[in-house]
Amino acid sequence: NGNQVWMRFWYHTAHGPNSIRREIVVPRWDSIADNYTAPVRSGIDSLIRNGAPKGSGQFMLWNGSPGTGKTFAIRSLMSEWRHSWEGEYITDPDVLFGNRADYLVQVLLNEPENKQRLIILEDTGELIAADAKQQTGQGLSRFLNTVDGMLGQGLNIMLLLTTNEDIVSLHPAVMRPGRCAQRLTFGPLEHDDIKAWSQKHGTDLKSMPSKATLAELYSGKDSYSTRRMGF
C-alpha cells in the first residue's frame with residue numbers, strides 16, 4: 001500500500017542554510033483516497049494524472065482544520081510523483097522568508113538534475129493572509145518574488161503551502177490571476193462518505209456523527225491502523 005521516496009529537509013543554522021536527504025514511507029493515493037471529500041479527491045486526482053497545473057502560478061494552497069489529512073495527502077502525492085518530482089520540506093518557513101537572503105537563494109538555486117521540485121511549507125497561512133504585511137513584514141514580498149518575480153524566473157519549482165486556518169480572505173497580491181495554481185479546502189467527511197468509509201474499515205455506523213474529521217473517525221480504530229493510515 002505504500003512506497004519509499006527520498007525527500008530533502010531544509011533548516012537554517014548558526015552557520016547558514018543546511019539540508020539532509022532521508023527516505024520516508026509514503027502511502028499510495030488509491031489506498032487513502034476514501035479519507036477525503038469529493039472536491040479534494042478530484043483535485044489530487046488531477047495532480048496525479050496531469051502533474052502540477054501549467055501556466056497558472058507557482059504555488060498551491062491547501063487549507064483545512066487539523067485532522068483532515070493534509071500531511072498524508074502530501075506524502076501520497078510524493079508517492080505518485082516520485083519518478084519526476086523531488087520533494088523538499090522547509091522545517092522553518094518563517095525563517096526562509098525572513099531576513100536571511102542566503103537561505104532563500106540557496107534553497108531556490110539548489111536544483112536537482114532531471115526532476116521538478118515540490119517545496120513544501122506547512123502551517124504558513126499568515127504568509128498570505130489579508131494582513132500578511134502586518135504579521136510577517138517583508139515575508140509576503142519575498143514570497144511573491146519567489147513565485148512570480150525575478151528570483152523565481154526560470155526555476156522548475158512548485159511551492160505547496162498548507163494552513164490549519166480557515167482563510168476568509170487572502171492578500172490581494174496573492175489573489176492576482178496567474179499566481180495560485182490550485183486551492184483545496186480539506187474538510188470533514190459527511191454522511192455518504194462516512195458511511196462508505198465505515199463499511200470499508202468495519203466501524204459501527206451508529207457511533208458516527210453526521211460530520212467527522214479523519215482524526216475523529218480513526219479515534220475508534222486500533223493504534224496499528226492509525227499509524228499505518230495516518231491523518
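Trainee: Which residues of helix α9 are buried?

Mentor: Within α9, which spans residues 191–201, the buried residues are Ile194, Trp197, Ser198 and His201.

Trainee: What makes these buried residues line one face of the helix?

Mentor: Viewed down the axis of α9, the buried residues fall within an arc of 100°, and therefore they line one face. In general, an α-helix has 3.6 residues a turn, so residues three or four places apart point the same way. Asp192, Gln199 and Lys200 are exposed on the other side of α9. The cover over the buried residues of α9 includes α10 (214–218).

Trainee: Why does Leu140 count as buried?

Mentor: The cut-off for buried is under 20% relative accessible area. Leu140 has 1% relative accessibility, so Leu140 counts as buried. Leu140 belongs to helix α7, residues 139–148. Leu140 and Gly98 are 42 residues apart in sequence, and their C-alpha atoms are 9.5 Å apart in space.

Trainee: What is the average pLDDT of the protein, and where is the pLDDT below 50?

Mentor: The average pLDDT is 83, and 85% of the residues score at least 70. Over residues 222–231, however, the pLDDT is below 50, although this stretch has 22 contacts in the model beyond near neighbours in sequence. Where pLDDT is low, the predicted coordinates should not be read in detail.

Notes
Residues numbered from 1 in each chain as written. Predicted model: local features only at pLDDT ≥ 70, side-chain atom pairs only at ≥ 80, totals over all residues. Heavy atoms only, no water. Buried < 20%, exposed > 50% of the residue type's maximum accessible area, 1.4 Å probe, protein only. Helix = DSSP H or I, 4+ residues; strand = E, 2+ residues; numbered from the N terminus. Arc of directions from axis to C-beta. Contact = heavy atoms within 4.5 Å. pLDDT = per-residue confidence, 0-100.
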